[in-house]
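The following note sets out several points for a colleague who is examining the structure below.

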Amino acid sequence: MSTVMELTMHAKPGHFERLQDVYANVVNTIENNIDDTRMIMIVADPATEMLRGIGLYEHADVVESFPDVPFFVEFAEAAAPHLSGPSERVELQVEHIFVGDGLVVDGGQPAVAEITLHARFGQIEEVLAAYTKFFEYLQANLAGTWLLLMGADRGSGVVRGFGLYADQAIADSVMSLAASAEFAKSVEPFLISPLERVEHRLLHLFLSDGS
């Protein structure tokens with residue numbers, strides 16, 4: 001079963017670029033040595049000195065073994081002096097993925113938007129159905145939608161979606177769509193808190209040939 005692993009790190013003041021170098025090294029190792037890797041996307045918010053890696057892997061056991069793999073242990077040790085606090089690791093079961101045509105990252109200014117929902121107990125399926133319908137609308141109707149990825153943790157009720165768009169203007173336009181308002185209204189009764197939307201700067205994107 002495909003799994004998303006999300007790893008977030010917050011750099012100490014002045015350590016952002018050094019932490020970024022450490023992150024880039026482990027990503028390069030994963031891309032070249034873990035055949036199970038379907039996608040890695042690295043996003044950042046330099047203003048808050050946050051780095052987040054979103055990895056899509058074919059099987060959950062690969063992700064579960066990472067903490068014991070030597071190169072990942074070395075990564076954690078190298079990152080530690082640059083962190084302002086503990087890293088945050090989240091695993092999500094993949095619910096939806098779309099890779100559009102015309103994806104060209106080099107030389108462009110693509111934008112990433114992340115929407116997180118916290119479902120009420122027993123109502124995650126309703127949230128997933130509404131989110132899937134929304135993503136399908138974007139796929140069919142919003143030019144410049146390059147990648148959509150949704151994952152969920154049924155135990156905690158967390159549902160998280162990532163959208164990669166050709167530029168910031170397209171990413172910004174998403175929330176002004178009638179479909180966005182309909183989506184927000186449809187999921188509201190099933191949530192324990194308002195939906196959370198965050199925009200990131202894309203630093204790196206890797207897609208395997210099979211994605």
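1. Two strands are taken as paired if DSSP finds at least two bridges between them. The model is a predicted one. On that criterion, strand β2 (residues 37–45) and strand β8 (residues 196–207) run antiparallel and are joined by six bridges. Within this pairing, Ile40 stands opposite Phe206 in β8.

2. The β2 and β8 pair belongs to a barrel that eight strands close, in the order β1-β3-β2-β8-β5-β7-β6-β4, with antiparallel pairing. From one strand to the next, the twist averages 30°.

3. Helix α4 spans residues 124–141, which makes 18 residues. From first C-alpha to last it reaches 26 Å, close to the 26 Å expected at 1.5 Å a residue.

4. Which residues of α4 are buried? They are Ile124, Val127, Leu128, Ala130, Tyr131, Phe134, Phe135 and Leu138. These residues lie on the same side of α4 because they cover an arc of only 165° around the axis. An α-helix has 3.6 residues a turn, so residues three or four places apart point the same way. The face turned away from the buried side of α4 carries the exposed residues Lys133 and Ala140.

5. The structure holds nine salt bridges. One of them joins Arg52 and Glu6, whose closest N and O atoms are 3.4 Å apart. This pair links distant parts of the chain, with Arg52 in strand β3 (residues 50–57) and Glu6 in strand β1 (residues 3–10), 46 residues apart. Buried means under 20% relative accessible area. Arg52 therefore counts as buried at 13%, and Glu6 is likewise buried at 2%.

6. A further salt bridge is formed by Glu125 and Arg154, with the closest N and O atoms 2.9 Å apart. Glu125 lies in helix α4 and Arg154 in the loop between β6 and β7, 29 residues apart. Both are partly exposed, Glu125 at 44% relative accessibility and Arg154 with a relative accessible area of 35%.

7. Glu199 forms a salt bridge with Arg197, the closest N and O atoms again lying 2.9 Å apart. Glu199 is partly exposed at 32%, as is Arg197 at 26%. Separately, salt bridges that share partners join Glu6, Arg52, Glu114 and Arg160 into one network.

Note on methods. Residues numbered from 1 in each chain as written. Predicted model: local features only at pLDDT ≥ 70, side-chain atom pairs only at ≥ 80, totals over all residues. Heavy atoms only, no water. Helix = DSSP H or I, 4+ residues; strand = E, 2+ residues; numbered from the N terminus. Expected span 1.5 Å × (residues − 1). Buried < 20%, exposed > 50% of the residue type's maximum accessible area, 1.4 Å probe, protein only. Arc of directions from axis to C-beta. Axes fitted to C-alpha atoms, helices over the stretch in contact; angles between N-to-C directions. Salt bridge = Lys/Arg side-chain N within 4 Å of Asp/Glu carboxyl O.
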